[in-house]
Amino acid sequence: MPTPVTIAGLDGLFYSFVDFEYVSGNNGQGAHHIVLHHHFTAMDGSWFQTDDRAVCAPRAGEGCRVNDQMRLVAGDGVFANPAGLIRNHGIVNIPQGWLDLNISGRVCGDGLNN
């Protein structure tokens with residue numbers, strides 16, 4: 001579901017969608033490897049999209065510990081000609097419906113001040 005966030009001083013909605021996922025290890029007991037995308041649309045109509053590769057390592061009873069690198073690949077408005085990399089690290093518990101993430105990185109675009 002889209003989540004309200006502020007990125008580069010712009011309020012908007014941020015959401016993700018999964019393209020592909022597989023589980024490594026014996027009998028599917030290892031880490032989840034996920035190919036996904038994130039999309040941010042600001043209230044002014046500017047937007048960017050990322051291509052991601054995430055790994056989510058199982059945690060006993062608490063979902064998994066995720067490490068994700070989001071590479072900016074497309075955008076428009078102030079995010080035209082995007083560049084940058086966003087990283088998130090934290091805990092994801094999909095069955096219980098919560099996540100606790102630390103997100104950092106750089107978002108660049110033609111209309112943003114460096």
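β7 gives the most to the lining of the largest pocket: seven residues. This is a predicted model. The pocket has a volume of about 1100 Å³, and 41 residues line it. The chain itself has seven strands and zero helices.

**Pocket lining**
- Nearest the centre of the largest pocket lie S16, H38, V92, L99 and L101.
- Each of β1 (3-7), β2 (10-23), β3, β4 (47-58), β5, β6 (83-93) and β7 (98-108) supplies at least two lining residues.
- By type, the lining of the largest pocket holds 24 nonpolar, 14 polar and three charged residues.

**Nonpolar cores**
- The largest nonpolar core has 10 residues. Its members are I7, F14, F40, A42, F48, M70, L72, F79, I86 and L112.
- At least two residues of this core come from β3 (32-42), and at least two from β5 (64-76).
- Which residues does L112 contact, leaving aside neighbours within four places in sequence? They are A8, V78, F79 and V107.

**Overall fold and surface**
- From the N terminus on, the elements run β-β-β-β-β-β-β.
- The C-alpha atoms fill a box of roughly 50 × 20 × 20 Å along the principal axes.
- The chain has 114 residues, and 31% of them are buried.
- Take the contacts between residues at least 6 apart in sequence: 37% of these join residues at least 24 apart.
- The accessible surface comes to about 7000 Å². Carbon and sulfur atoms account for 52% of that surface.

Key
Residues numbered from 1 in each chain as written. Predicted model: local features only at pLDDT ≥ 70, side-chain atom pairs only at ≥ 80, totals over all residues. Heavy atoms only, no water. Core = buried A, V, L, I, M, F, W, Y, C linked by side-chain atoms within 4.5 Å. Buried < 20%, exposed > 50% of the residue type's maximum accessible area, 1.4 Å probe, protein only. Helix = DSSP H or I, 4+ residues; strand = E, 2+ residues; numbered from the N terminus. Contact = heavy atoms within 4.5 Å. 1 Å grid on protein atoms, 1.4 Å probe; cavity = no way out; pocket = protein on both sides within 12 Å on 5 of 7 lines; lining within 4 Å. Points joined across faces, edges and corners; volume = space filled by probe spheres on them. Nonpolar A, V, L, I, M, F, W, Y, C, P; charged D, E, K, R; others polar. Areas by Shrake-Rupley, 256 points an atom, 1.4 Å probe, with all protein chains shown as cover.
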